[in-house]
Amino acid sequence: IAREGGVEAIISGISKHGTSVRVCTGGCGALRKLAANAENRNRIVSEGGIEAVVNAMKEHEESARVVGGACGMLCKLSENRRNQMLMKEVGGIEAIVTGMTRHVQSMEVQIHGVLALFNLEGCFGDVILHAREQQDEMSELESERELSTDDDDCAEPGLATNEGIDVLITEMSKRIWSAGAQEHACWALRNLANKAENQV
C-alpha cells in the first residue's frame with residue numbers, strides 16, 4: 001500500500017474531504033494500521049498526516065470511530081519526541097482529551113487515548129490545562145451557569161490544577177479498560193507522581 005502511494009492518497013483524501021465522516025473514519029483507521037510500520041510512520045509525518053488527523057478529530061469530535069482511529073494513529077506516532085512536539089503544536093493534546101471526555105464508553109478511544117497521553121507525558125502540563133478547559137466547557141453546557149472563580153483558576157497549569165490527572169483516574173475507575181490499558185494508565189500516574197505537587 002505504502003509503496004504505491006497509499007499513505008499520500010489517504011492523507012490527501014482526509015485533507016480534501018475532511019467534512020465527510022465516512023472518509024475520515026476510513027482514512028484514520030487505515031493510517032492507524034499503516035503506522036505499525038516504522039517507514040510508514042515517517043512517511044505519514046512527512047506528508048502532514050498528524051495535522052490532517054487532528055483536524056479530522058476536531059471536525060468529527062462526536063464520532064467515536066473517527067476519534068478512535070485517530071487516537072490509535074497518534075498513539076503509534078507519539079513515541080517519537082519530534083512527533084510529540086508536532087502533535088502539541090497542531091492541537092493534538094486538546095483533541096485527545098476532548099475525545100476521551102466525550103467518548104467514555106469507547107474502548108478504542110480510551111485505550112489509545114491514554115497510551116498517547118502516556119507517551120506525551122513530557123507535555124503533561126498542557127494535558128492538564130486542556131483537560132481543565134474541556135471540563136469547564138462541559139460543565140457550562142450541562143449546568144448553564146457561570147463557573148465560580150477562585151485562586152486555583154489563576155494557578156500555573158500542572159501545579160495547583162489536577163484535572164488531567166482526574167481524567168486518567170476517573171476513566172480507570174469505570175472498569176471498562178483492559179488490563180493493558182490500566183497498566184499504562186498506572187505508569188502514566190507513576191511518572192506524574194515523581195513531582196511532589198502531583199502527589200497530594
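1. In this predicted model, helix α1 (residues 6–16) and helix α2 (residues 21–34) have axes that come within 9 Å of each other and cross at roughly 150°. An angle over 145 degrees counts as roughly antiparallel, and α1 and α2 are therefore roughly antiparallel to each other. The crossing of α1 past α2 is left-handed.

2. As for the residues in that contact, α1 contributes Val 7, Ile 10, Ile 11, Gly 13 and Ile 14. From α2 come Val 23, Cys 24, Gly 27, Cys 28, Ala 30, Leu 31 and Leu 34. By class, ten residues in the contact of α1 with α2 are nonpolar and two are polar, with no charged residue.

3. Helix α2 also packs against helix α5 (residues 64–77): the two axes come within 8 Å and cross at roughly 25°. Angles under 35 degrees count as roughly parallel, so α2 and α5 are roughly parallel to each other. Here too the crossing is left-handed, with α2 passing α5.

4. On the α2 side, the contact with α5 is made by Val 21, Cys 24, Thr 25, Cys 28, Gly 29, Leu 31 and Arg 32. On the α5 side, Arg 65, Val 66, Gly 69, Ala 70, Gly 72, Met 73 and Lys 76 take part. This contact of α2 with α5 holds seven nonpolar, four polar and three charged residues. Cys 24, Cys 28 and Leu 31 of α2 are listed both in the contact with α1 and in the contact with α5.

5. Is Gly 29 buried or exposed? Gly 29, which lies in α2, has a relative accessible area of 17%. Buried means under 20%, so Gly 29 is buried. Gly 29 and Gly 68 are 39 residues apart in sequence, and their C-alpha atoms are 8.1 Å apart in space.

6. A further pair is helix α7 (residues 92–102) with helix α8 (residues 107–119). The axes of α7 and α8 come within 9 Å and cross at roughly 150°, in a left-handed crossing. The α7 residues in this contact are Ile 96, Gly 99 and Met 100, and those of α8 are Val 109, Gln 110, Gly 113, Val 114, Ala 116 and Leu 117. Six of the residues in the contact of α7 with α8 are nonpolar and three are polar, and none is charged.

7. His 112 is placed in α8. With a relative accessible area of 17%, His 112 falls under the 20% cut-off and is therefore buried. Which residues is His 112 in contact with, leaving aside neighbours within four places in sequence? They are Arg 32, Gly 68, Cys 71, Gly 72 and Cys 75. Of these, Arg 32 and Gly 72 are also listed in the contact of α2 with α5.

8. For the protein as a whole, the secondary structure comes to twelve helices and zero strands. Buried residues make up 47% of its 200 residues. Among contacts with a separation of 6 or more, 71% join residues 24 or more positions apart.

Notes:
Residues numbered from 1 in each chain as written. Predicted model: local features only at pLDDT ≥ 70, side-chain atom pairs only at ≥ 80, totals over all residues. Heavy atoms only, no water. Helix = DSSP H or I, 4+ residues; strand = E, 2+ residues; numbered from the N terminus. Buried < 20%, exposed > 50% of the residue type's maximum accessible area, 1.4 Å probe, protein only. Contact = heavy atoms within 4.5 Å. Axes fitted to C-alpha atoms, helices over the stretch in contact; angles between N-to-C directions. Parallel < 35°, antiparallel > 145°, perpendicular 65-115°, else oblique. Left-handed = near helix turned anticlockwise from the far one by under 90°. Nonpolar A, V, L, I, M, F, W, Y, C, P; charged D, E, K, R; others polar.
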